[in-house]
Amino acid sequence: MAPLIRIESLHYTYQHEGGAVQALRGIDLTIEQGEYVVLLGHNGSGKSTLAKHLNALLLPTQGDVWINGWNTKERRHLREIRSTVGMVFQQPDNQIVATIVEEDVAFGPENLGLERQEIRRRVEWSLERVDMLPFRHRAPHLLSGGQKQRVCIAGVLAMQPSVLVLDEATAMLDPIGRQEVLEVARRLNREEGVTIIAVTHFMREAIEADRVLVLHDGKIALQGPPRTLFQQIDRLRALSLDVPHVSELAQALHRRFPAFPPDLLTPQEIAAAVIACCEERREESGERSARKDERGERNRTRDKFTLLTPHSSRPPLLALHHVAHYYMRGTPLEVKAIEDVNIEVHRGEIIGVIGHTGSGKSTAVQHFNGLLKAHEGEVWVLGQNLADPAVDLRAVRRAVGLVFQTPEAQLFEQYVGDDVAYGPRKQGLGPEEVRARVRRAMEAVGLPFEEFKDRITFSLSGGQMRRVAIAGVLALEPQVLVLDEPTAGLDPQARRQLMRHILDLHRQGVTLVIISHNMEELAEICDRIYVIADGRTVMAGTPAEVFSRAAELRAIGLDAPDMTQVAEALKAQGLLPADAVIYTLEQAEAAIAELLLAHGAALVEAPVGEQTR
Amino acid sequence: MSEFEYLRNVTIGQYIPTESTVHRLDPRTKLLAALFVALAATSTRSVLATLLLIGLLMGVTRLARIEVRYVLRGLLPAAPFVAALMLMQLLFQGRFSVCETVYWEWGFVRITPCLIELVVLGALRLVIFLFLVSLLTLTTTASHILHGIETLLAPLQRIGLPVHEFALTNIIALRFIPIIAEEMERIAKAQASRGGDFGGAPWWRPDRMARARLPLIVPLFVNTLRRAEEMVVAMEARCYLGRKGRTKFVDLHFTGLDWLVIGLSVLLWVVVWRTPWPTFT
C-alpha cells in the first residue's frame, strides 16, 4: 500500500521584499497512517511552510507531494486532498466562520456537498470527540481559547480526514487550553487512528510523538523518537530549541550515576526512577509506613488557600489594596472582573503575577497606570492615591509603563523610529531629547538605532516587532515596567533574547511586574510571586513559598515548574523533607544527587573522567 | 462606565433566548409576518388602527416572554429622531393640509387637525417599524435571520445576484464584531499607556483629528486585514471553493403554525387596509 503522505525532494521558494527566500530546500519524507509526528523548529525554519504543502495550500516550486497517491499539483483532486488532510491554525478566532458553534462545524461538510442528515451526524460526532457537544448552540466569542480551538478541530474532523495537521495550534493558548487540545489530539490518534502532524516550538509537546522531525533552514536536521532525540541536548540548542528541564535533569543525573536512565521525558518518570532507585534500600529498613502517615497529616493541614504576607515594611512603589472592578457597570450585563486583588510592588523588585486565563490578572495590572479605575479598594502609585482627582494620569502613565499582550499588534507608524518616538513626542519633548530617548529605548531591547530607525515597521520579524513595541513604552523612561505575557507566542530563541533585555533593564534600576504562564521563567527571576484566582489574590510569596504549594496551584488550574513537580512527587513518598525548596534545575539536581548518594547502594558515582559518555 | 469600553455594550440586535413559541417560529415566517405588519401600518391613515397594531405587537412581545418595558426602553435612543421628524412635519407640512379648520397660523407654519393627525401617525408608524425590528432581533439570532433572508431571496440567485455570498459575508462580519470591539479597546489602552490621547484637535481641523486617531485606526486595519487573510486560508483548507456543490446544514422548515402565522399576517394586512376606519377629520 502506498504511504499516506509521500514527499520527494520538496523545494519551495517565495519572494519577500524583492528577494527570493528558499523556505524549503529538499525535504524527503513519508508518513504512514496512524503516526503521531511532531515538526519542531524555530521561527523561519520552514515548518509551517512544510505543513501548508500537505493540503495543497502551497504547491512545491520543485519536487512533489503525494497524498493518498494524489499529486497536490493536480487541481482536480483538491477537494479529496483537503478533506483527507485537515488543518487547524494558530488563531482560533480567525478560523471560525459562523456565529454558532454547530453551524461552524458544519461548514466543511457543507463544502463537501453532503446530505443534511449526514452533516448533522458528523457535526454531532465530531463535537462529541472534542468534548464540545454541550456547547453546540453557543456563540464562539463566549468560549475560552482552548474551547474555540477544539471547535476548530471539530470543524476539521467533520470532514473525516485521515490526517490532522495542527499548525502551531497551541501557540496562543494558555497551559490549560494547550493541555485540552493536546489531549484531544492524543485521543484521536489512539482511538480513531487519525494521523497527527503537530507543528510547534514547544519541546514538551513532542513528548507524545512517535517521531519528531526538527527542521532547520528548510531541511530536516534531526529525526527520531523523542526519547533518543531529546538526549542530543547540545545539538538541539544549536538548532535554537529549548531542551526541557526534565531531559537535562535526567542526563545530568545519568552523568553522575550511570545507572540512572538518561532518556526520561516527564516529571513523573523522573520521580518514578528516583523512587525505584531508593525503594530497595527503604524496604529493608522498613520505615515506609511511618513516613506515609506523616505525609497524610501534612496534606490535611494544607487544605485551604493561604495569603502569605509580604515581608517588607517599606512603603511600596505600587499597591493594589482590596481592588474590585466590574465590566459594563450599571447595565444588566455587569460582570465582576476582579473582586479582591492585593498586590504590593517595591522599588527594584521583580514581581511575577500568575493565574489562569480569565482570573483577572490582566484587569488587575491595568489599574497600575490608571487605565482602569478601581470600583472598590485603593490603588497607590508612587505615593499617590489614584482616586484623587488631582492626580496627573499622564505622569502616572509615564512612570508606570504598561506593555500589553502581543504589543506588536499596536504598532502603527511606517518607520520603526517614528513608532518608538510616539510617546516622547506626545509628551512635548524637543527633537534632540526625543532622538536621544528613542536611541536609548531601541538599544535597550537590542535594536541598534542607526540600523533599525528607518526600517519599515511591518517588514520586521515577529520578535523584532515585539521589541519595537516594548521600546515604544521604554521611550517614556518609566520607573516601573509592567509586562503582560511578554514572551507568549515567541520561539525559544526570541524568548531568551527578550528576557535577557528585560533583565538588563532591571539591572539599570527599572522595577518589573511580569504576568506569565511560563512558571520556569518566573521561578528563576522573580523576587515574589502573586497568584490570582477568580478575581482574588489567593497566594503571595517568594517563588519557593508559592511553588511549594503545588497541589493548591493545581486546584486553581496552574502548574508548578517541572522541577517542583519532581520534588513534590518525592516529598509525597517521604524521600525529600517537606520544606525542601526546589524549583530550578540546579536545586533539583543537587537534592536528588544527595538523595541517591544517601540511598542508592546500586548506584556508584562515576569517576570524574568518565562523566561524559 | 470606563472610557475604554467601546462596543462591548452594543445592544443592537441583541438576542434574548426565552425559548418561547415566537422564538421557535421559522425565521422566514417572522420576516414575512414583519413585512405584512409593516404593509398594514402603511396601508391605513387611521391613528386608531395604528394604535391597535402597536397593541398587537405588545401582545406578541408578551407571547415571546419578553417584557414590553424592555423593548420600549430599547426604542428610547430613537426618540430624538422621532421628535425631529415630528417637528419638521409640524413646521413644513401644514401648507399642504387639506383641512379647512386652522388652529394657528404664522408665516408658512399652519397647524390644522389633519396635520396633527399626520404628525402623530408618522411618529406611530416609525415606532411600529422600530418595534418590529427589535422584536425580530430579540427573538431570532442574527445567523437565523440571515439564513432566512438567504432562503427567501434564493430565487434571485438565478438572475445572477450573489445571495449566498451576501449571506456568508454578513455572517462572518457579525462574527467579527465582538472580536474587533475587543481589539479596539486593547489598542486604545495600549496607546494611552504610551501617553497617547485621541482628542486634542479642534473640530474645524478634521485633518488633525484624523491624524490623532491614526494610532487607533492603522493597527485596527492592519490586524483586521491579517485576520481576513488567515480566514481565507482556513476556509480554503476546509474545502471552500465557492457556492458550487455546496449543501446547507441549517434546516429551515415550515410547520403548520408557521403557515398559520403567515396566513394571519396577510389577513391582518388585508383587514387593516380594507376596513373603513373612523377618522376625526
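**Notes on a predicted two-chain model**

1. The buried residues of α18(A) run through Gln464(A), Met465(A), Arg466(A), Arg467(A), Val468(A), Ala469(A), Ile470(A), Ala471(A), Gly472(A), Val473(A) and Leu474(A). Note that Arg466(A) and Arg467(A) are on that list.

2. What covers these buried residues? From chain A, the cover includes β16, α15, α16 (431–444), β17 (480–484) and α19 (492–507). Chain B takes part too, with α8 (163–193). As for the length of α18(A), its 13 residues at 1.5 Å a residue should span 18 Å, and this agrees with its end C-alpha atoms, which are 18 Å apart.

3. Next, the nonpolar cores. The largest one has 107 residues, and Ala471(A) and Val482(A) have the most contacts inside it. The helix from point 1 shows up again here: α18(A) gives the most to this core, with 7 residues. The core also draws at least three residues from each of domain 2 (245–306 + 579–598) and domain 3 (347–370 + 391–555) of chain A. There is a second, separate core of 91 residues, and Ile27(A), Ile31(A), Val97(A) and Val101(A) are among its members.

4. If you want to look at Ala471(A) up close, leave out residues up to four places away in sequence; Ala471(A) then touches Val420(A), Ala441(A), Met442(A), Ala444(A), Val445(A) and Leu447(A).

5. On to the domains. The assignment for chain A gives domain 1 (5–237), domain 2 (245–306 + 579–598) and domain 3 (347–370 + 391–555). How many residues of domain 2 and of domain 3 of chain A are in contact with each other? On the domain 2 side there are 6, and on the domain 3 side there are 10. The domain 2 side of that contact divides into 3 nonpolar, 3 polar and no charged residues. Taken over C-alpha atoms, the centres of domain 2 and domain 3 of chain A are separated by 36 Å.

6. Now for the two chains together. On the chain A side, 61 residues are in contact with 50 residues of chain B. Several elements of chain A each supply at least two residues to the side that touches chain B, including α5 (116–129), α6 (145–157), α15 (416–426) and α18 (462–474). The largest share of that side, 4 residues, comes from α4(A). By type, the chain A side divides into 29 nonpolar, 20 polar and 12 charged residues.

7. β4(A) and β5(A) run antiparallel and are joined by 2 bridges, and Ile67(A) has Trp70(A) as its bridge partner in β5(A). The two strands form a hairpin with 2 residues between them, and Asn68(A) in the turn has a positive phi of about 55°.

8. Another hairpin is found in β19(A) and β20(A), with 2 residues between the strands. Strand β19 (residues 528–533) of chain A pairs with β20(A) in the antiparallel sense over 5 bridges, and Ile529(A) has Gly541(A) as its bridge partner. Is strand β20 (residues 536–541) of chain A enclosed or open? Of its 6 residues, 6 are buried, so β20(A) is largely enclosed by the rest of the structure.

9. Finally, a couple of backbone angles to check. Asp534(A), in the loop between β19 and β20 of chain A, has a positive phi of about 45° although it is not a glycine. With 15 C-beta neighbours inside 10 Å, Asp534(A) counts as partly exposed. His322(A) lies in strand β11 (residues 318–327) of chain A, and its phi is near 50°, a positive value in a residue other than glycine. His322(A) has 14 C-beta neighbours inside 10 Å and so counts as partly exposed.

Key. Residues numbered from 1 in each chain as written. Chains lettered and ligands numbered in written order. Predicted model: local features only at pLDDT ≥ 70, side-chain atom pairs only at ≥ 80, totals over all residues. Contact = placed C-beta atoms within 7 Å. Nonpolar A, V, L, I, M, F, W, Y, C, P; charged D, E, K, R; others polar. Domains from an automatic or database assignment. Core = buried A, V, L, I, M, F, W, Y, C linked by C-beta atoms within 7 Å. Buried ≥ 20, exposed ≤ 12 C-beta atoms within 10 Å, placed from the backbone. Expected span 1.5 Å × (residues − 1). Pairing = 2+ DSSP bridges.
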